Amino acid sequence: MDIDHIARLARIDLTDAEKAQFGAQLDSILDYFERIQQVDVAGIEPTAHAFAVENVWRTGDEPGDTLPVATLRTMAPAERDNQVVVPKVVE
Amino acid sequence: MQPIYYRSITEIRQALDAGKLTSRQLMDVLIDRSEAVDDRIGAFLHRDFVDARAQADAADARRKSGKSLGPLDGIPVAIKDVLAVKGQPLTCASRMLEDFISPYDAGCISRLKAQGCILWGRLNMDEFAMGSATENSAFQKTRNPWDTDRTPGGSSGGSAAAVAAGEAIAALGTDTGGSVRQPAAFCGIVGVKPTYGRISRHGLVAYASSLDQVGTCTRTIADAALLLDAICGHDALDSTSLDLPKTDFVAALREDQQQPRKIGIAREFFGAGLDPEVKACMDAAIRFYKSHGCEILDISLPNVSLAVPVYYLIATAEASSNLARFDGVRYTHRSESANDAINLFSKSRAEGFGAEVKRRILLGTFVLSTGYYDAYYLRAQKIRTLIRQDFEQAFRKVDAILSPAAPTPAFPIGAHKEDPLALYLSDLHTIPVNLAGLPALSLPCGFTDSGLPVGMQLIGKALGEAGILQLAQRFESAHDFNRQTPSL
């Protein structure tokens with residue numbers, strides 16, 4: 001597994017020690033999981049949910065109370081003027 | 001008579017109704033008990049004595065004025081720290097959510113509140129419910145009340161340990177791959193995971209959405225039925241929750257006609273690696289059912305040997321997506337050294353997540369990544385179909401499947417520290433059930449020579465909770481394993 005590539009995709013900074021440890025552990029886990037390649041799955045439909053419930057429509061979708069802005073604001077790590085503050089995104 | 005903190009909901013209900021006990025007295029007993037033992041057990045991450053006593057007083061006032069809300073009014077239920085209770089911490093045992101307070105109630109919590117339950121504390125767990133020993137909590141280890149050098153199992157280890165230690169009468173946990181049943185087995189209590197969709201997942205912090213299900217930790221099967229009746233039911237806020245008539249498992253137990261049932265024994269669940277003392281307890285349970293008129297049939301579930309890889313491919317893929325929301329922006333831990341839009345995510349996640357959560361997110365990201373999706377994720381979903389079909393075939397012949405809940409009794413803390421795969425493989429009895437979405441329970445069925453509890457699992461067909469609860473109650477009423485208590 002290309003641990004640098006996967007860590008970048010997952011948006012997790014890893015230390016060199018973590019890269020070595022997780023890389024080795026995940027390789028041995030994937031080695032064991034190779035046994036799934038031996039199963040004949042031709043013509044088998046994939047299962048995403050044990051009981052697929054489809055086309056669920058909300059009935060009586062009336063506007064109701066939502067979470068108060070004041071509550072949500074206090075949950076943010078940094079906030080100003082009713083907005084969440086983040087580091088500068090564009091130069 | 002057992003001390004109050006070791007009694008069942010049913011016994012406590014009788015005492016409350018007879019005026020021999022108040023909810024406030026009960027709450028005081030549980031608070032005293034947890035103060036006396038929790039420094040050795042570590043089941044709770046958070047307890048609010050003032051709030052718990054106020055809830056108890058409110059229940060007593062309702063009962064006095066004839067406005068009691070039903071059989072659970074004034075009964076404390078402790079909650080795994082993954083289910084949202086408005087105004088209480090919700091950490092998922094993670095640094096990522098260390099300071100998070102729930103702004104709303106989970107679906108199952110709203111139902112407990114409507115029936116007057118006291119919401120008692122926040123229980124320790126593996127971080128984001130990823131683990132089988134409650135050793136992955138960012139905050140503390142939980143110890144098994146029967147042997148404090150051993151784990152209580154996981155991920156709902158706090159839930160099972162709190163009930164086993166008498167710090168709670170009942171608790172809610174969650175079960176994605178066995179996280180209620182395996183700790184229940186390790187701690188000598190009853191754990192039930194109902195059919196996928198029975199209980200709303202709204203307000204349950206998602207790990208693997210197609211597998212996650214709320215479950216109960218109780219002392220008796222009757223208590224599990226009471227609690228399940230309280231929390232099962234459709235919720236418009238979880239579009240996968242099933243819209244079905246109200247359950248009445250309490251009535252199903254009361255009206256059990258003791259019909260003989262066909263019980264399947266799958267050879268794949270009795271393979272190498274099964275502890276001989278666990279095996280002996282299973283043999284005794286099989287003999288019990290045989291002597292009580294049940295027919296025991298050998299069955300095969302040929303694809304369950306692949307359930308562990310299939311589960312860890314699907315669950316980690318779902319986790320990598322679900323946990324993307326913990327990004328350092330709106331309500332989570334934020335790295336103080338973050339200085340641009342990308343390292344705001346990657347540094348906050350590096351600091352906020354523990355090792356097992358990182359490992360699973362990385363694995364899930366890998367199996368969903370370009371070039372590997374078909375070979376791992378899609379293939380795992382197809383084998384999931386085969387596993388489901390194995391159970392469908394088996395349930396044409398049998399009414400229930402009996403197996404160990406775990407291959408061994410509780411193992412020592414730290415036993416699998418360097419070897420995550422070995423720990424993954426210990427979930428082989430519980431994982432296939434989640435992949436098929438079936439109901440299953442774990443029931444105390446004996447002790448090892450060294451005094452560790454052993455649990456057996458009964459698996460039912462979809463929506464067949466009543467059948468396995470009845471079978472379990474027949475066993476329970478003929479034995480006293482669940483009346484034994486650890487010496488603390």
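Let's start with two helices in chain B. Helix 10, residues 307–322, packs against helix 12, residues 355–368, at an angle of about 100°. Their axes are 7 Å apart. Angles from 65 to 115 degrees count as roughly perpendicular, so helix 10 and helix 12 of chain B are roughly perpendicular to each other.

Which residues make this contact? From helix 10 of chain B come B:Tyr312, B:Leu313, B:Thr316, B:Ala317 and B:Ser320. On the side of helix 12 they meet B:Arg360, B:Ile361, B:Leu363, B:Gly364, B:Thr365, B:Val367 and B:Leu368. The residues of this contact divide into 7 nonpolar, 4 polar and 1 charged.

A word on what we are looking at. This is a predicted model. It scores ipTM 0.95 and pTM 0.97. For chain B, the mean pLDDT is 97. In that chain, 100% of the residues reach 70 or more.

Now the backbone. Most residues other than glycine have a negative phi, and most peptide bonds are trans.

The peptide bond from B:Gly154 to B:Ser155 is cis. Its omega is near 10°. And where is B:Ser155? Look at the loop between strand 3 (118–123) and helix 5 (157–164) of chain B.

The other two places are in chain A. A:Asp81 is not a glycine, yet its phi is positive, about 50°. A:Asp81 sits in the loop between strand 1 (79–80) and strand 2 (83–84) of chain A. Is A:Asp81 buried or exposed? The relative accessible area of A:Asp81 is 64%, so this residue is exposed.

Next, A:Asn82. Here too phi is positive, about 65°, and A:Asn82 is not a glycine. A:Asn82 lies in the loop between strand 1 and strand 2 of chain A. With a relative accessible area of 48%, A:Asn82 is partly exposed.

On to the aromatic rings. How many aromatic pairs are there over all chains? The count comes to 22. One pair is A:Tyr32 with A:Phe33. The ring centres of A:Tyr32 and A:Phe33 are 6.1 Å apart, and the planes stand at 65°. Planes over 60 degrees apart count as edge-to-face, so that is what this pair is. A:Phe33 is buried, at a relative accessible area of 0%.

Another pair is in chain B. The rings of B:Phe326 and B:Tyr331 have centres 6.4 Å apart. Their planes are at 85°, so this pair is edge-to-face. What about accessibility? B:Phe326 counts as buried, at 3% relative accessibility. B:Tyr331 counts as partly exposed, at 22%.

Chain B also has an aromatic cluster. B:Trp146, B:Phe288, B:Tyr289, B:Phe447, B:Phe475 and B:Phe481 form it together. Hold on to B:Trp146, please.

My last stop is B:Ala164. You will find B:Ala164 in helix 5 of chain B. B:Ala164 is buried, with a relative accessible area of 4%. Which residues does B:Ala164 contact, leaving aside neighbours within four places in sequence? They are B:Tyr6, B:Pro145, B:Trp146, B:Cys187, B:Ile189 and B:Pro486.

One distance to finish. B:Ala164 and B:Val190 are 26 residues apart along the chain. Their C-alpha atoms are separated by 9.8 Å.

Terms used: Residues are numbered from 1 along each chain as its sequence is written. Chains are lettered from A and ligands numbered from 1 in the order in which they are written. This is a predicted model: local features need pLDDT of at least 70, side-chain atom pairs count only at pLDDT 80 or more; totals for chains, interfaces and linings use all residues. Side-chain values use heavy atoms; hydrogens and water are left out. Axes are lines fitted to C-alpha atoms, for helices over the stretch in contact, and angles run from 0 to 180 degrees between N-to-C directions. Helices (H or I, at least four residues) and strands (E, at least two) are DSSP runs, numbered from the N terminus. Angles under 35 degrees count as roughly parallel, over 145 as roughly antiparallel, 65 to 115 as roughly perpendicular and the rest as oblique. Contact means heavy atoms within 4.5 Å. Ala, Val, Leu, Ile, Met, Phe, Trp, Tyr, Cys and Pro count as nonpolar, Asp, Glu, Lys and Arg as charged, and the others, Gly among them, as polar. pLDDT is the predictor's confidence in each residue, from 0 to 100. Buried means under 20% relative accessible area, exposed over 50%, partly exposed in between (1.4 Å probe, protein chains only). Rings of Phe, Tyr and Trp (its six-membered ring) pair if their centres lie within 6.5 Å; planes under 30 degrees apart count as stacked, over 60 as edge-to-face and the rest as tilted.
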